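Reader: Could you take me through one part of this model up close? I'd like the side-chain surroundings, with the cut-offs spelled out as you go.

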Amino acid sequence: MIKIVHIITGLNSGGAENMLYKLLKYSDKTSYNHEVVSLMGGGIYGGKISNLGVKVHCLNISKTTFLSSLIKTKKICKDADIIDTWLYHADIVGFIVAKIILRKKLIWNIRHSNLNKDANKSTTLKIIKFNSFLSRYVDCITYNSNEALKNHLKIGYSNKNSKVIPNGFELDKFKFNPEARAIIRQEFGFKDSTKVIITVGRWNIQKDYYTLLKAISELKELKIEFKLIMVGTNLDHKNHELVNLIKTLNLEDKIILLGRRDDIPELLSAADVYISSSLGESFSNAIGEAMACELPCIVTDVGDSKSIVGDTGKVVAAKDYKNMCNELFNFLNNNHSLFRNNNGRQRVIANYDIKQISKIFEKNFKEVVDECYFESR
């Protein structure tokens, strides 16, 4: 049995955390033994991962506890065959433990593609650049999109043992549910004629909700009856910056802020179109989940979003709120287009089924252990 210790920056809501949880859920437990180290707390996913029977260690690391946290991580990892890290801070900690202290096999998981200065904190970019120097000593680096691979190679990441493994989706969970559609729409008081747009994500500069709300403001002027549901961490009335933006654009009657929810498949079933306004994505979980629920998607041309939707959705340039509005108008003004997007679901089934993606991860784990990558060293 191959033992893998996953080190992740934290376990709150996010694409990396979500993907790690799904990987552990669908892993072959007769062949792979997993443990998880969170540099921070248990967050949203800590309990869920523990419920899978996977041991979770929360370090709640700080400047004063950094050294003791390294010692604790060393003890957790001493019998591991692979140390598998998720997100940039965890990559550094994993490197220290795996390569400097224990001499273990190390895999980095890169889940980020937009490395522009205006879309990232300066400290994040410094860490990314520092990691680029370390990358030549990492046994394997996996990326969840081709765009992420391309952009990291540009800034100096080693391409020696790189692999793209896309995100996977739970197709038995994310599927169109007509009963849930009726219940949710009745709950919110939507008329049969009300067109419902939905976006799912967290409050983050990369999501560019300013552009989305500008598009919605333009759409409102076109006299179509619609609502926009915004779902995700900090997309709620406690977020004063978001609330003030909605008021400034006079959109109080068009926007429903739900914050973080656990009934995403039901909410997607209640909607008619999914919108992603991101400045940067690597591989969007939210777009794949929307497609699995047979929603047509309008997305910005960032990361691998264009290749995810293929010919089943519409693509506009990042920050182009006018074209975003036009695509929304064209879709919502055409009643024939309100049928579900079965082609989108079939595309997810063919390319991004979590059961198949998990097997790709496991094949990679086995190759790293068997040193298939390292014959040329």
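**A loop residue and some rings**

Author: Let's start with Asn161, which sits in the loop between α6 (146–154) and β7 (162–164); helices (H or I, at least four residues) and strands (E, at least two) are DSSP runs, numbered from the N terminus. This is a predicted model, where local features need pLDDT of at least 70 and side-chain atom pairs count only at pLDDT 80 or more, while totals for chains, interfaces and linings use all residues. Residues are numbered from 1 along each chain as its sequence is written, and side-chain values use heavy atoms, leaving out hydrogens and water.

With a relative accessible area of 7%, Asn161 is buried (under 20%; exposed is over 50%, partly exposed in between, with a 1.4 Å probe and protein chains only). A polar atom of its side chain lies 3.1 Å from the backbone oxygen of Asp139.

Now for the rings. Rings of Phe, Tyr and Trp (its six-membered ring) pair if their centres lie within 6.5 Å; planes under 30 degrees apart are stacked, over 60 edge-to-face, and the rest tilted. That rule gives eleven aromatic pairs. Take Phe361 and Phe365: their ring centres are 6.4 Å apart and their planes are at 45 degrees, so this pair is tilted. The two are four residues apart in helix α15 (residues 354–369), so about one helical turn separates them. Both Phe361 and Phe365 are buried, and together with Tyr32 and Trp86 they form one aromatic cluster.

Terms used: A polar contact is a pair of N or O atoms within 3.5 Å; within protein, one must be able to donate a hydrogen and the other to accept it, and residues adjacent in sequence count only if both atoms are side-chain atoms.
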